Amino acid sequence: MQKYISQQNLTTLLDILIAQGVRVVAPRMNAGTPLYEPLESAGDMVTDQLPRRSAKEAFFPVCEDIMTYEKEGQKVTVTDIDPARFPETLLFGVRPCDASAIPVLDAVFSWDYKDEFFLERRRKTTIVGLACTTADDACFCTAVGLSPSDTKGSDLFLTPLEGGGYACETFSDKGEALINAHSSLFSVPSGAAALPLAEPQTEKFDLKKVKAWLDEHFEDPLWDGAAVRCVGCGACAFVCPACHCFDIVDEGTEKAGTRRKNWDACGFWKFTHHASGHNPRDGQPKRYRNRIMHKFKYYDDKFGQTLCTGCGRCIRVCPVGIDIAGIVEEISKKQE
Amino acid sequence: MCDHTNKNIYLPYLTTVEEVIDETPDVRTLRLVFQDEKVRDNFSFRAGQFAEYSAFGAGESTFCIASSPTRAGYIECSFRSVGRVTEELRRLEVGDTMGVRGPYGNSYPVESFYGKNLVFVAGGIALPPLRTLIWNCLDLRDKFGDITIVYGARTEADLVYKHELKEWQERSDVRLVKTVDPGGNGPAWDGSVGFVPTILGEAAPSAENTIALVCGPPIMIKFTLPVLEKLGFTDEQVYTTLENRMKCGLGKCGRCNVGNVYVCKDGPVFTAKQLKEMPMEF
């Protein structure tokens, strides 16, 4: 389904949904930082900047309660967290580099054992993607086969038009349902040209070649060079739309508390540290190798997908300037 | 098998500590009984599988299920107190409540061992992942040929399951070779003195129609595999279990992988052949 919506009607749509009790998550400023967060009013939305963190939090929060416990004498009572309590959500204004990571994450959270915390949020969320008109030096979505207008992961996709408003295209029943429920706010496609899209400057990687090289080079001097300066802060994983490693911890007192699933990062030394003191990844280069391998080989081996969408966030936040795009480009060139 | 009907895959079963056994000054075994009668009746697992054990308030730890699947009604775990969770688990007394999630992972292909001789090789705290299988096989004794157990630890005090070692030693249908590292023996020690790989070489079990099951610290594995090879074992005849750090046990949290192999899903039981195909990341 293709439609047009004016800027004013879009604001109206979001305000109606907020008034109806739908959790509308969209980019907004929080103390000077753009983040995907629940809106109180459509007017708070800021779509001209890439949020500092990705949209994965809408399904996979930084910190998530998975149960509570209470102790009395020798007895323990455990209370389940019912995923049914998750609210209906509209995830709006999602950049293609963020939206496209969401179906990639579906694979790991739904294979074999089903993680209902992630999956129930997925079922209850409609994703509205927004074509990207701003790119910076760190962006490289085109290098991993995506684009500023990639609709992967979006139920409804908006493209900003010359002269205002958006071209709307649906990609799922959820997207159509959203338009159908508010049809008076949408009109026939205007035929106006799209605003110029962002143009990331990075050379395209050949992902097949990258994987072919990784298949054969678990041991390689490249790893030492790539990550000798890594300080293991984990920031790259936390801002990444596709990283999904987590820890399970109890937070509370001996009497009562909550078991939580918290974000974790393969860059942390303790991530793989055994109780015996042995650590299979006993150095930052080995941990960084795992990061690259997981993104461009292991996830592909297991699920046939790449765990990187080229959003460039890890490049922007790295305190020591590690450039994943540069490293992957180097790998791509090594495999001739 | 796992309760796939439970929507929250992270929710543990509640168990009651039925027995506490001190194996060494810092290794303890807990016998656990499921509180829910239905779970108690239906919980089943295979030798080699592991579980996530929780001390509420401290968190979860990963250990193998150390008891045999042939012994219904309870499970056992053995652990060394080294961190926050295991120290908390050590504080549990008989009657206390503990959480268990599982069973997870693959298992030993026990049925394919029927009619074969078995050689168990273990070092230190690594006996529990083999003990589950040892009892599994001893409880079905007539299905197997000769059973040899080579077990060693640094010192006499570090040997776990001492009461069972005695039992195995006394059985005529088991050959137990127990050893301690040089200097680890007291005056009354009636076993061998030497490192496990050396003692295994001396015991020289025949490789013919035999499966070897090896579990120990990485350094022991490293020196044991060549000994087995010299005895004529092929890599397909040798099994081991890997014990990487885990959190979810469900193939999601992303830390237990060795290359693209997820120990929690593809393992923890691997043949030496599979082990040799993996990158050196364990």
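1. Chain A–chain B contact. In this predicted model, the contact draws 45 residues from chain A and 36 residues from chain B. On the side of chain A that touches chain B, the elements giving two or more residues are β4 (63-72), β5 (75-80), α3 (101-110), β10 (246-252) and α9 (284-303) of chain A. β10(A) supplies the largest share, six residues.

2. Make-up of that side. The side of chain A that touches chain B holds 21 nonpolar residues. A further ten are polar and 14 are charged.

3. α6 against α11 in chain A. Helix α6 (residues 207-216) of chain A packs on helix α11 (residues 324-334) of chain A. Their axes lie 8 Å apart, at an angle of about 80°. That falls in the range of 65 to 115 degrees, so α6(A) and α11(A) are roughly perpendicular to each other. From α6(A) come K209(A), V210(A), W213(A) and L214(A). They meet V328(A), I331(A), S332(A) and K334(A) in α11(A). This contact of α6(A) with α11(A) has five nonpolar residues, one polar and two charged.

4. The two sides of α6(A). Which residues of α6(A) are buried? They are V210(A), W213(A) and L214(A). Viewed down the axis of α6(A), these buried residues fall within an arc of 100°, so they line one face of the helix. The cover over them includes α9 and α11 of chain A. V210(A), W213(A) and L214(A) also take part in the meeting with α11(A). The face turned away from the buried side of α6(A) carries K208(A) and E216(A), both exposed.

5. α5 against α6 in chain B. Here the pair is helix α5 (residues 196-203) of chain B and helix α6 (residues 218-230) of chain B. Their axes come within 8 Å and cross at roughly 20°. Angles under 35 degrees count as roughly parallel, so that term applies to α5(B) and α6(B). The crossing of α5(B) and α6(B) is right-handed.

6. Residues in the chain B pair. V196(B), P197(B), L200(B) and G201(B) represent α5(B) in the contact. On α6(B), the partners are M220(B), F223(B), T224(B) and V227(B). By class, the contact of α5(B) with α6(B) has six nonpolar and two polar residues.

7. Helix pairs in brief. α6(A) and α11(A) are roughly perpendicular, whereas α5(B) and α6(B) are roughly parallel.

Key. Residues numbered from 1 in each chain as written. Chains lettered and ligands numbered in written order. Predicted model: local features only at pLDDT ≥ 70, side-chain atom pairs only at ≥ 80, totals over all residues. Axes fitted to C-alpha atoms, helices over the stretch in contact; angles between N-to-C directions. Helix = DSSP H or I, 4+ residues; strand = E, 2+ residues; numbered from the N terminus. Parallel < 35°, antiparallel > 145°, perpendicular 65-115°, else oblique. Contact = placed C-beta atoms within 7 Å. Nonpolar A, V, L, I, M, F, W, Y, C, P; charged D, E, K, R; others polar. Left-handed = near helix turned anticlockwise from the far one by under 90°. Buried ≥ 20, exposed ≤ 12 C-beta atoms within 10 Å, placed from the backbone. Arc of directions from axis to C-beta.
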